[in-house]
Amino acid sequence: MSELKPLEEHYVDSAPFDPKEAEALTPEQEQFFQASQWKIIWWRFRKHKLAVWSGVILILFYLCVPFAEVIAPYQANTRDNDHLYAPPQMPHLFHEGRFVGPFVYGYEAEVNLDTLEWEYTPDPSKVQPIRFFCLGDPYKFWGMWDARFHLVCPAENGTLYLLGTDRLGRDVLSGLVYGARLSLTIGLVGVAISILLGMFFGGLAGYLGGIVDSAIMRLIEILRSLPELPLWMALSAAIPVTWSQVWVYFGITVILGLLDWPGLGRAVRSKLLSLREEDYAKAAVLMGAPPGRVIRKHLLPGFTSHIIASATLSIPTMILGETALSYLNLGLQRPAVSWGVMLNEAQNITVVTVYPWLMAPVIPVIIVVLAFNFLGDGLRDAADPYKN
(Lines give C-alpha, C1' and ligand atoms only; values in the text may rest on other atoms or scores of the structure.)
Protein backbone atom coordinates (compact mmCIF):
# COMPACT_ATOMS: atom_id res chain seq x y z
CA MET A 1 0.00 0.00 0.00
CA SER A 2 1.33 3.39 -0.98
CA GLU A 3 2.02 5.87 1.75
CA LEU A 4 -0.64 8.53 2.19
CA LYS A 5 0.50 11.98 1.18
CA PRO A 6 0.06 14.95 3.42
CA LEU A 7 -2.95 17.11 2.60
CA GLU A 8 -0.73 19.97 1.45
CA GLU A 9 0.65 17.91 -1.47
CA HIS A 10 -2.76 17.64 -3.08
CA TYR A 11 -2.56 21.37 -3.92
CA VAL A 12 -0.37 23.18 -6.43
CA ASP A 13 3.26 22.29 -5.86
CA SER A 14 4.51 25.82 -6.49
CA ALA A 15 2.29 27.22 -3.72
CA PRO A 16 2.61 25.26 -0.48
CA PHE A 17 -0.61 24.93 1.47
CA ASP A 18 -1.03 27.46 4.25
CA PRO A 19 -4.15 26.96 6.42
CA LYS A 20 -4.00 30.57 7.59
CA GLU A 21 -4.13 31.87 4.04
CA ALA A 22 -7.03 29.54 3.16
CA GLU A 23 -9.10 30.81 6.04
CA ALA A 24 -8.22 34.50 5.60
CA LEU A 25 -11.06 36.81 4.51
CA THR A 26 -10.86 40.16 2.84
CA PRO A 27 -12.09 43.14 4.89
CA GLU A 28 -15.17 43.38 2.63
CA GLN A 29 -16.02 39.69 3.12
CA GLU A 30 -15.50 39.93 6.87
CA GLN A 31 -17.75 43.00 7.06
CA PHE A 32 -20.44 41.21 5.07
CA PHE A 33 -20.44 38.04 7.18
CA GLN A 34 -20.56 40.05 10.41
CA ALA A 35 -23.34 42.39 9.22
CA SER A 36 -26.89 42.13 10.52
CA GLN A 37 -29.85 41.30 8.32
CA TRP A 38 -31.01 44.91 8.20
CA LYS A 39 -27.57 46.18 7.20
CA ILE A 40 -27.38 43.70 4.32
CA ILE A 41 -30.84 44.80 3.18
CA TRP A 42 -29.69 48.42 3.29
CA TRP A 43 -26.60 47.62 1.17
CA ARG A 44 -28.76 45.89 -1.42
CA PHE A 45 -31.33 48.66 -1.36
CA ARG A 46 -28.70 51.35 -2.07
CA LYS A 47 -27.90 49.65 -5.38
CA HIS A 48 -31.49 50.25 -6.53
CA LYS A 49 -31.07 53.89 -7.56
CA LEU A 50 -34.67 54.40 -8.66
CA ALA A 51 -35.94 53.12 -5.31
CA VAL A 52 -33.51 55.38 -3.43
CA TRP A 53 -34.65 58.48 -5.31
CA SER A 54 -38.27 57.45 -4.81
CA GLY A 55 -37.61 57.28 -1.08
CA VAL A 56 -36.10 60.77 -1.14
CA ILE A 57 -39.15 62.13 -2.97
CA LEU A 58 -41.52 60.53 -0.45
CA ILE A 59 -39.52 61.94 2.47
CA LEU A 60 -39.88 65.42 0.96
CA PHE A 61 -43.62 64.93 0.55
CA TYR A 62 -44.05 63.72 4.12
CA LEU A 63 -41.96 66.58 5.49
CA CYS A 64 -44.67 68.89 4.15
CA VAL A 65 -47.34 67.16 6.24
CA PRO A 66 -46.57 68.63 9.70
CA PHE A 67 -45.69 72.07 8.30
CA ALA A 68 -48.47 72.54 5.78
CA GLU A 69 -49.65 75.81 7.37
CA VAL A 70 -46.16 77.29 7.13
CA ILE A 71 -45.42 76.13 3.57
CA ALA A 72 -48.73 77.16 2.00
CA PRO A 73 -49.05 80.89 1.20
CA TYR A 74 -52.76 80.86 2.15
CA GLN A 75 -55.10 78.74 4.19
CA ALA A 76 -56.74 75.97 2.19
CA ASN A 77 -60.24 77.50 2.43
CA THR A 78 -59.32 81.19 2.20
CA ARG A 79 -61.50 82.78 -0.50
CA ASP A 80 -60.72 85.68 -2.82
CA ASN A 81 -63.98 86.80 -4.38
CA ASP A 82 -62.13 89.15 -6.74
CA HIS A 83 -60.16 86.33 -8.38
CA LEU A 84 -62.48 83.45 -9.24
CA TYR A 85 -60.94 80.91 -11.63
CA ALA A 86 -57.79 83.05 -11.83
CA PRO A 87 -55.06 81.43 -13.98
CA PRO A 88 -51.59 80.62 -12.56
CA GLN A 89 -49.20 83.54 -12.09
CA MET A 90 -45.80 82.94 -13.63
CA PRO A 91 -42.85 83.99 -11.42
CA HIS A 92 -40.22 86.27 -12.98
CA LEU A 93 -36.79 87.61 -12.04
CA PHE A 94 -36.30 90.51 -14.50
CA HIS A 95 -38.61 93.41 -15.28
CA GLU A 96 -37.84 95.54 -18.34
CA GLY A 97 -34.26 94.25 -18.39
CA ARG A 98 -33.66 95.04 -14.72
CA PHE A 99 -33.18 92.38 -12.06
CA VAL A 100 -35.95 92.70 -9.50
CA GLY A 101 -35.91 89.28 -7.84
CA PRO A 102 -38.74 86.76 -7.63
CA PHE A 103 -42.00 88.53 -8.46
CA VAL A 104 -45.30 88.04 -10.28
CA TYR A 105 -47.35 90.38 -12.40
CA GLY A 106 -50.77 91.35 -11.10
CA TYR A 107 -53.98 90.55 -12.92
CA GLU A 108 -55.99 92.76 -15.27
CA ALA A 109 -59.51 91.36 -15.15
CA GLU A 110 -62.53 92.07 -17.33
CA VAL A 111 -65.83 90.35 -18.01
CA ASN A 112 -66.34 88.65 -21.37
CA LEU A 113 -69.88 89.69 -22.35
CA ASP A 114 -70.20 86.76 -24.78
CA THR A 115 -69.39 84.01 -22.25
CA LEU A 116 -70.17 86.00 -19.08
CA GLU A 117 -66.86 84.86 -17.61
CA TRP A 118 -63.93 86.70 -16.10
CA GLU A 119 -60.84 86.89 -18.28
CA TYR A 120 -57.46 87.61 -16.73
CA THR A 121 -54.36 89.01 -18.39
CA PRO A 122 -51.00 89.83 -16.76
CA ASP A 123 -50.58 93.56 -16.04
CA PRO A 124 -46.86 94.55 -16.43
CA SER A 125 -47.52 97.73 -14.46
CA LYS A 126 -48.28 95.66 -11.32
CA VAL A 127 -44.96 94.22 -10.15
CA GLN A 128 -45.64 92.23 -6.99
CA PRO A 129 -42.48 90.91 -5.25
CA ILE A 130 -42.68 87.50 -3.59
CA ARG A 131 -41.83 87.71 0.10
CA PHE A 132 -40.01 84.93 1.96
CA PHE A 133 -40.14 84.04 5.68
CA CYS A 134 -42.87 86.56 6.26
CA LEU A 135 -46.14 87.25 8.06
CA GLY A 136 -49.25 86.57 6.01
CA ASP A 137 -52.60 84.80 6.12
CA PRO A 138 -53.43 83.94 9.78
CA TYR A 139 -53.97 80.29 10.74
CA LYS A 140 -54.02 77.91 13.69
CA PHE A 141 -50.87 75.80 13.69
CA TRP A 142 -51.93 72.16 14.15
CA GLY A 143 -55.32 73.58 15.09
CA MET A 144 -54.00 74.82 18.44
CA TRP A 145 -51.86 77.97 18.17
CA ASP A 146 -52.59 81.20 16.34
CA ALA A 147 -49.80 82.11 13.93
CA ARG A 148 -49.09 84.07 10.75
CA PHE A 149 -45.61 82.92 9.74
CA HIS A 150 -45.26 81.58 6.17
CA LEU A 151 -42.42 80.37 4.01
CA VAL A 152 -43.65 82.52 1.10
CA CYS A 153 -46.21 85.33 1.03
CA PRO A 154 -47.72 87.58 -1.62
CA ALA A 155 -46.83 91.27 -1.79
CA GLU A 156 -48.79 93.68 0.36
CA ASN A 157 -52.26 94.03 -1.21
CA GLY A 158 -51.08 91.66 -3.95
CA THR A 159 -51.74 88.08 -5.02
CA LEU A 160 -49.63 84.94 -5.30
CA TYR A 161 -51.52 82.20 -7.12
CA LEU A 162 -48.76 80.08 -8.65
CA LEU A 163 -51.26 77.36 -9.60
CA GLY A 164 -54.34 79.56 -10.00
CA THR A 165 -57.59 79.57 -8.05
CA ASP A 166 -60.79 77.54 -8.13
CA ARG A 167 -64.44 78.55 -8.52
CA LEU A 168 -64.51 80.16 -5.06
CA GLY A 169 -61.15 81.92 -5.36
CA ARG A 170 -59.23 79.40 -3.21
CA ASP A 171 -55.52 78.99 -3.93
CA VAL A 172 -54.87 75.64 -5.65
CA LEU A 173 -51.24 75.41 -4.46
CA SER A 174 -52.26 75.88 -0.83
CA GLY A 175 -54.93 73.23 -1.30
CA LEU A 176 -52.34 70.77 -2.58
CA VAL A 177 -50.09 71.36 0.42
CA TYR A 178 -52.95 70.99 2.90
CA GLY A 179 -54.39 68.04 0.98
CA ALA A 180 -51.14 66.10 1.35
CA ARG A 181 -51.80 65.92 5.09
CA LEU A 182 -54.92 63.77 4.67
CA SER A 183 -54.10 61.95 1.44
CA LEU A 184 -50.68 60.77 2.63
CA THR A 185 -51.52 59.92 6.23
CA ILE A 186 -54.65 57.96 5.35
CA GLY A 187 -52.41 55.48 3.55
CA LEU A 188 -50.15 55.01 6.57
CA VAL A 189 -53.00 54.55 9.04
CA GLY A 190 -54.89 52.22 6.70
CA VAL A 191 -51.82 50.06 6.11
CA ALA A 192 -51.16 49.89 9.87
CA ILE A 193 -54.65 48.42 10.36
CA SER A 194 -54.14 46.09 7.41
CA ILE A 195 -50.80 44.84 8.75
CA LEU A 196 -52.20 44.09 12.21
CA LEU A 197 -55.16 42.15 10.79
CA GLY A 198 -53.07 40.38 8.16
CA MET A 199 -50.42 39.26 10.64
CA PHE A 200 -53.03 38.16 13.18
CA PHE A 201 -55.28 36.10 10.91
CA GLY A 202 -52.46 34.95 8.63
CA GLY A 203 -50.40 33.91 11.64
CA LEU A 204 -53.24 31.87 13.09
CA ALA A 205 -53.98 30.19 9.77
CA GLY A 206 -50.36 29.35 9.03
CA TYR A 207 -49.40 28.11 12.48
CA LEU A 208 -52.52 26.32 13.68
CA GLY A 209 -53.71 24.94 10.34
CA GLY A 210 -56.66 22.56 10.22
CA ILE A 211 -60.14 24.00 10.70
CA VAL A 212 -58.78 27.44 11.65
CA ASP A 213 -56.76 27.59 8.44
CA SER A 214 -59.73 26.51 6.32
CA ALA A 215 -62.10 29.03 7.93
CA ILE A 216 -59.68 31.96 7.56
CA MET A 217 -58.84 31.04 3.97
CA ARG A 218 -62.52 30.87 3.03
CA LEU A 219 -62.99 34.33 4.59
CA ILE A 220 -60.03 35.67 2.61
CA GLU A 221 -61.37 34.17 -0.61
CA ILE A 222 -64.79 35.74 -0.04
CA LEU A 223 -63.28 39.19 0.60
CA ARG A 224 -60.94 38.88 -2.38
CA SER A 225 -63.83 37.96 -4.67
CA LEU A 226 -65.74 41.16 -3.91
CA PRO A 227 -65.10 44.14 -6.22
CA GLU A 228 -63.17 46.65 -4.14
CA LEU A 229 -64.36 50.00 -5.48
CA PRO A 230 -68.13 49.27 -5.32
CA LEU A 231 -67.66 47.84 -1.82
CA TRP A 232 -65.72 50.94 -0.74
CA MET A 233 -68.48 53.10 -2.19
CA ALA A 234 -71.24 51.19 -0.40
CA LEU A 235 -69.51 51.26 2.99
CA SER A 236 -68.49 54.92 2.63
CA ALA A 237 -72.05 55.88 1.73
CA ALA A 238 -73.16 54.22 4.97
CA ILE A 239 -71.16 56.71 7.04
CA PRO A 240 -73.67 59.08 8.72
CA VAL A 241 -73.76 62.56 7.20
CA THR A 242 -73.94 64.03 10.70
CA TRP A 243 -70.40 62.88 11.50
CA SER A 244 -67.66 65.47 11.67
CA GLN A 245 -64.88 65.40 9.09
CA VAL A 246 -62.52 63.89 11.68
CA TRP A 247 -64.83 60.92 12.20
CA VAL A 248 -65.42 60.59 8.46
CA TYR A 249 -61.65 60.46 7.97
CA PHE A 250 -61.36 57.82 10.69
CA GLY A 251 -64.22 55.81 9.18
CA ILE A 252 -62.74 55.80 5.68
CA THR A 253 -59.35 54.80 7.09
CA VAL A 254 -60.87 51.84 8.92
CA ILE A 255 -62.80 50.78 5.81
CA LEU A 256 -59.68 50.84 3.64
CA GLY A 257 -57.70 48.91 6.25
CA LEU A 258 -60.40 46.27 6.78
CA LEU A 259 -60.68 45.53 3.07
CA ASP A 260 -56.96 45.42 2.28
CA TRP A 261 -55.69 42.85 4.79
CA PRO A 262 -56.57 39.58 2.93
CA GLY A 263 -53.61 39.86 0.52
CA LEU A 264 -51.11 40.32 3.34
CA GLY A 265 -52.84 37.65 5.43
CA ARG A 266 -52.40 35.09 2.65
CA ALA A 267 -48.69 35.96 2.30
CA VAL A 268 -48.16 35.61 6.07
CA ARG A 269 -49.94 32.26 6.10
CA SER A 270 -47.85 30.78 3.29
CA LYS A 271 -44.62 31.92 4.93
CA LEU A 272 -45.56 30.53 8.35
CA LEU A 273 -46.44 27.16 6.84
CA SER A 274 -42.79 26.77 5.84
CA LEU A 275 -41.18 28.43 8.86
CA ARG A 276 -43.09 26.42 11.46
CA GLU A 277 -41.24 23.29 10.29
CA GLU A 278 -37.85 24.82 11.01
CA ASP A 279 -35.78 23.38 13.85
CA TYR A 280 -35.78 26.55 15.96
CA ALA A 281 -39.60 26.73 15.83
CA LYS A 282 -39.95 23.08 16.85
CA ALA A 283 -37.41 23.60 19.64
CA ALA A 284 -39.46 26.51 21.00
CA VAL A 285 -42.59 24.32 21.01
CA LEU A 286 -40.76 21.47 22.81
CA MET A 287 -39.58 23.93 25.45
CA GLY A 288 -43.22 24.75 26.20
CA ALA A 289 -43.60 28.11 24.44
CA PRO A 290 -47.26 28.94 23.73
CA PRO A 291 -48.36 29.42 20.09
CA GLY A 292 -48.63 33.20 20.48
CA ARG A 293 -45.02 33.50 21.63
CA VAL A 294 -43.74 31.17 18.91
CA ILE A 295 -45.47 33.21 16.22
CA ARG A 296 -44.52 36.60 17.69
CA LYS A 297 -40.94 35.91 18.80
CA HIS A 298 -39.67 33.26 16.41
CA LEU A 299 -41.68 33.18 13.17
CA LEU A 300 -42.77 36.74 12.35
CA PRO A 301 -39.26 38.28 12.74
CA GLY A 302 -38.06 35.86 10.05
CA PHE A 303 -39.89 37.76 7.31
CA THR A 304 -40.46 41.21 8.78
CA SER A 305 -38.58 42.74 5.85
CA HIS A 306 -41.00 41.13 3.41
CA ILE A 307 -43.96 42.50 5.39
CA ILE A 308 -42.47 46.01 5.18
CA ALA A 309 -42.04 45.67 1.42
CA SER A 310 -45.61 44.41 1.01
CA ALA A 311 -46.95 47.23 3.16
CA THR A 312 -45.07 49.78 1.06
CA LEU A 313 -46.78 48.44 -2.04
CA SER A 314 -50.19 48.62 -0.30
CA ILE A 315 -49.99 52.33 0.59
CA PRO A 316 -50.66 53.50 -3.02
CA THR A 317 -53.85 51.43 -3.01
CA MET A 318 -55.01 53.27 0.11
CA ILE A 319 -54.20 56.68 -1.38
CA LEU A 320 -56.00 55.87 -4.64
CA GLY A 321 -58.95 54.49 -2.67
CA GLU A 322 -59.39 57.70 -0.67
CA THR A 323 -58.90 59.80 -3.81
CA ALA A 324 -61.54 57.81 -5.69
CA LEU A 325 -64.07 57.99 -2.85
CA SER A 326 -63.60 61.73 -2.35
CA TYR A 327 -63.71 62.30 -6.12
CA LEU A 328 -67.09 60.52 -6.22
CA ASN A 329 -68.29 62.67 -3.30
CA LEU A 330 -68.49 59.62 -1.02
CA GLY A 331 -65.47 60.37 1.13
CA LEU A 332 -64.15 63.57 2.64
CA GLN A 333 -65.80 66.88 1.82
CA ARG A 334 -65.08 70.54 2.38
CA PRO A 335 -63.93 72.09 4.67
CA ALA A 336 -61.64 69.02 4.85
CA VAL A 337 -59.05 69.15 2.09
CA SER A 338 -57.50 66.19 0.28
CA TRP A 339 -56.38 65.62 -3.26
CA GLY A 340 -59.57 63.68 -3.96
CA VAL A 341 -61.72 66.51 -2.60
CA MET A 342 -59.96 68.97 -4.92
CA LEU A 343 -60.42 66.66 -7.91
CA ASN A 344 -64.12 66.45 -7.11
CA GLU A 345 -64.41 70.03 -8.31
CA ALA A 346 -62.89 69.14 -11.71
CA GLN A 347 -65.48 66.58 -12.81
CA ASN A 348 -67.07 68.83 -15.42
CA ILE A 349 -65.27 68.40 -18.74
CA THR A 350 -66.02 72.03 -19.60
CA VAL A 351 -64.23 73.18 -16.47
CA VAL A 352 -61.26 70.95 -17.28
CA THR A 353 -60.89 72.35 -20.80
CA VAL A 354 -61.30 75.98 -19.76
CA TYR A 355 -59.52 75.85 -16.37
CA PRO A 356 -56.96 73.02 -16.72
CA TRP A 357 -55.06 74.08 -13.58
CA LEU A 358 -57.86 72.52 -11.52
CA MET A 359 -56.40 69.13 -12.54
CA ALA A 360 -53.18 69.92 -10.63
CA PRO A 361 -53.94 67.36 -7.83
CA VAL A 362 -53.48 64.58 -10.40
CA ILE A 363 -49.74 65.32 -10.55
CA PRO A 364 -48.87 64.65 -6.86
CA VAL A 365 -51.12 61.57 -6.86
CA ILE A 366 -49.21 60.10 -9.83
CA ILE A 367 -45.81 61.03 -8.36
CA VAL A 368 -46.57 59.54 -4.92
CA VAL A 369 -48.10 56.33 -6.28
CA LEU A 370 -45.18 55.72 -8.65
CA ALA A 371 -42.66 56.54 -5.90
CA PHE A 372 -44.26 54.05 -3.51
CA ASN A 373 -44.30 51.37 -6.20
CA PHE A 374 -40.62 51.88 -7.06
CA LEU A 375 -39.71 51.99 -3.35
CA GLY A 376 -41.66 48.79 -2.71
CA ASP A 377 -39.94 47.03 -5.61
CA GLY A 378 -36.54 48.07 -4.27
CA LEU A 379 -37.34 46.91 -0.73
CA ARG A 380 -38.72 43.62 -1.99
CA ASP A 381 -35.60 42.90 -4.05
CA ALA A 382 -33.34 43.93 -1.17
CA ALA A 383 -35.18 41.68 1.28
CA ASP A 384 -35.10 38.65 -1.05
CA PRO A 385 -32.25 36.40 0.16
CA TYR A 386 -32.04 34.67 -3.24
CA LYS A 387 -31.19 37.88 -5.11
CA ASN A 388 -27.63 39.08 -5.41
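Is W53 buried or exposed? W53 is exposed, with a relative accessible area of 59%, where exposed stands for over 50%, buried for under 20% and partly exposed for what lies in between, calculated with a 1.4 Å probe on protein chains only. The structure is a predicted model, in which local features need pLDDT of at least 70 and side-chain atom pairs count only at pLDDT 80 or more, while totals for chains, interfaces and linings use all residues. Residues are numbered from 1 along each chain as its sequence is written, and side-chain values rest on heavy atoms, with hydrogens and water left out.

The protein has 15 helices and five strands, these being DSSP runs numbered from the N terminus, with helices of type H or I of at least four residues and strands of type E of at least two. Of its 388 residues, 40% are buried. Among the contacts in the protein with a separation of 6 or more, 68% are between residues 24 or more positions apart, a contact being a pair with heavy atoms within 4.5 Å. The accessible surface comes to about 22,400 Å², and 64% of that area belongs to carbon and sulfur atoms; such areas come from the Shrake-Rupley method with a 1.4 Å probe, and for residues only the protein chains shown count as cover.

W53 has its place in helix α4, residues 49–63. Together with V56, I59, L60 and L63, W53 makes a nonpolar surface patch of about 530 Å². Patches are built from residues with over 30% relative accessible area and no salt bridge, joining like charges within 9 Å and nonpolar side chains (Val, Leu, Ile, Met, Phe, Trp, Tyr) within 5 Å.

The unreviewed UniProt entry lists residues 50–72, 182–208, 229–259, 307–328 and 349–375 under "transmembrane region"; the positions follow the numbering used here, feature names are shortened, and annotations may be inferred rather than shown by experiment. In the model, residues 50–72 are 78% helix and 0% strand, with end C-alpha atoms 29 Å apart. For residues 349–375 the span is 74% helix and 0% strand, and the end C-alpha atoms lie 34 Å apart.

F201 is found in helix α6 and is partly exposed, at a relative accessible area of 25%. Leaving aside residues up to four places away in sequence, F201 touches I216 and W261. The C-alpha atoms of F201 and D213, which are twelve residues apart along the chain, are separated by 9.0 Å.

A search of the whole structure finds eight salt bridges, each defined as a side-chain nitrogen of Lys or Arg within 4 Å of a carboxyl oxygen of Asp or Glu. One of them joins the side chains of R131 and E156 at 3.4 Å, N to O. Because R131 lies in strand β4 (residues 131–141) and E156 in the loop between β5 (145–153) and α6 (172–208), this pair ties together parts that are 25 residues apart in sequence. R131 is partly exposed at 26%, whereas E156 is exposed at 61%.

The side chains of D146 and K140 also meet in a salt bridge, at 3.0 Å, N to O; D146 is exposed at 64% relative accessibility, and K140 is partly exposed at 44%.

A further salt bridge brings together E345 and R334, again through their side chains, at 3.4 Å, N to O. E345 lies in the loop between α13 (339–344) and α14 (349–354) and R334 in the loop between α12 (304–327) and α13, so the pair ties together parts that are eleven residues apart in sequence. E345 is buried at 18% relative accessibility, while R334 is partly exposed at 24%. Both residues belong to a network of salt bridges that links D166, R170, R334 and E345.
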